[in-house]
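Open the model in your viewer and keep the selection panel at hand. The stops below go from the ligand to the helices.

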Amino acid sequence: MALDYAVRLEDIRAAQDRIAQHTIRTPLIHSQELSQEQSQDIWLKLEHLQKTGSFKLRGATNAILGLTPAQKAKGVVGVSTGNHGRGLAYAARQNGVRCIICMSSLVPENKVKSIKQLGAEVRIVGASQDDAQSEVDALVRQGMTMLPPFDHPAIIAGQGTIGLELFDALSDIHTVLVPVSGGGLVSGVALALKSLNPNIDIIGVTMERGAAMHASLKAGHPVLVKELPTLADSLGGGIGLNNAHTFKMTSSLVKEIILVSEAEIAEAISYAYWSEKQIIEGSGSVCLAALRSGKINAQGPTVALLTGANLDMQLHHDIISGNPPDMTSS
Ligand SMILES: *Cc1c(COP(=O)(O)O)cnc(C)c1O
């Protein structure tokens, strides 16, 4: 297999050295219950225990540490109010770099507050994502660096460090299940693992409602999909019509993409809590959902990535009490 991309194994190794002091090497645990269900060894990579509550800190830290001194002096800018924004804010503060997150006035106050608490400046502009983007463009013209959530070599390399950790801990892995949105995570993890052992299967998992990468792979090029309410809200959004890296990497490195329903996601959040004693957000639970629903039958030692913990605790309470909200009514 020719692994000829803008990100190479050496870049992921360099990212691992760079981010080591700033991120947690998260635990990999064996799941007794899933292993019994699947008649194969099933392991869970607990990346929801990463600082800031998601793996996005890895890519953000690698990208910030990779800037030139001049770029660091000018600072970074982003538009995400979710896990990427949290990672960026935290990584910037840790490294003494100015960070501005631009958002529309529609973003709820609790999200604004939590981004501020992590150390970023928040700039509220207009009432749409487009208004926020034009503010970003203005800041970039002033010399700040825009760091996107997935389609960037340093971000992909940072997320790929999870693949190195997995191989280190478990060299006989057969299959790795990875949540997919824009595909930065799955591209990095797949590149790391396929470089080390091309026989490892990488399977992407995402929600049925608004699966942009899945639709794009089917079409053979990046396409827009309608964004729909979902419990896997960190997986919403498009892959970018001008996608430069993750579409190509995902289409050649990932064996298939499995779609899971809202009911399966809710069940997985509940299972993670009651059986594995883990609090995970919907997006972080899709790989468990794929296993629990029987949509994946493990063919050998299999790892499921649990990627995030950032969800409203009242929502979590409702889900684990058996009263998940109905996301499919709109
Ligand atoms: C961003 C995110 C993903 C998907 O990562 P991509 O690189 O966009 O595919 C999965 N899980 C969580 C919790 C996330 O925040």
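Select L185 and the ligand: a backbone N or O atom of L185 lies 2.8 Å from an oxygen atom of the ligand. Such a polar contact is a pair of N or O atoms within 3.5 Å; within protein, one must be able to donate a hydrogen and the other to accept it, and residues adjacent in sequence count only if both atoms are side-chain atoms. This is a predicted model: local features need pLDDT of at least 70, side-chain atom pairs count only at pLDDT 80 or more, and totals for chains, interfaces and linings use all residues. Residues are numbered from 1 along each chain as its sequence is written, and side-chain values use heavy atoms, without hydrogens and water.

Now G183: the distance from a polar backbone atom to an oxygen atom of the ligand is 2.7 Å. The ligand taken alone exposes 380 Å², and the protein buries 98% of that (Shrake-Rupley accessible area, 1.4 Å probe).

Show the shell of 17 residues around the ligand (a heavy atom within 4 Å). Which come nearest? K56, N83, S181, G183 and T307 do. Colour the shell by class: six nonpolar, nine polar and two charged residues (nonpolar: Ala, Val, Leu, Ile, Met, Phe, Trp, Tyr, Cys, Pro; charged: Asp, Glu, Lys, Arg; polar: the others, Gly among them).

Next, select helices α1 (residues 9–19) and α3 (residues 56–65) (DSSP runs of H or I, at least four residues, numbered from the N terminus). Their axes are 9 Å apart, at an angle of about 90° (lines fitted to C-alpha atoms over the stretch in contact; angles run from 0 to 180 degrees between N-to-C directions). That makes α1 roughly perpendicular to α3 (65 to 115 degrees). A15, R18 and I19 in α1 meet R58, T61, N62 and L65 in α3 (heavy atoms within 4.5 Å).

Finish with α8 (residues 153–169), whose axis comes within 8 Å of that of α1. Among the α1 residues that meet α8 are L9, A15 and I19.

Conventions:
Helices (H or I, at least four residues) and strands (E, at least two) are DSSP runs, numbered from the N terminus. Angles under 35 degrees count as roughly parallel, over 145 as roughly antiparallel, 65 to 115 as roughly perpendicular and the rest as oblique.
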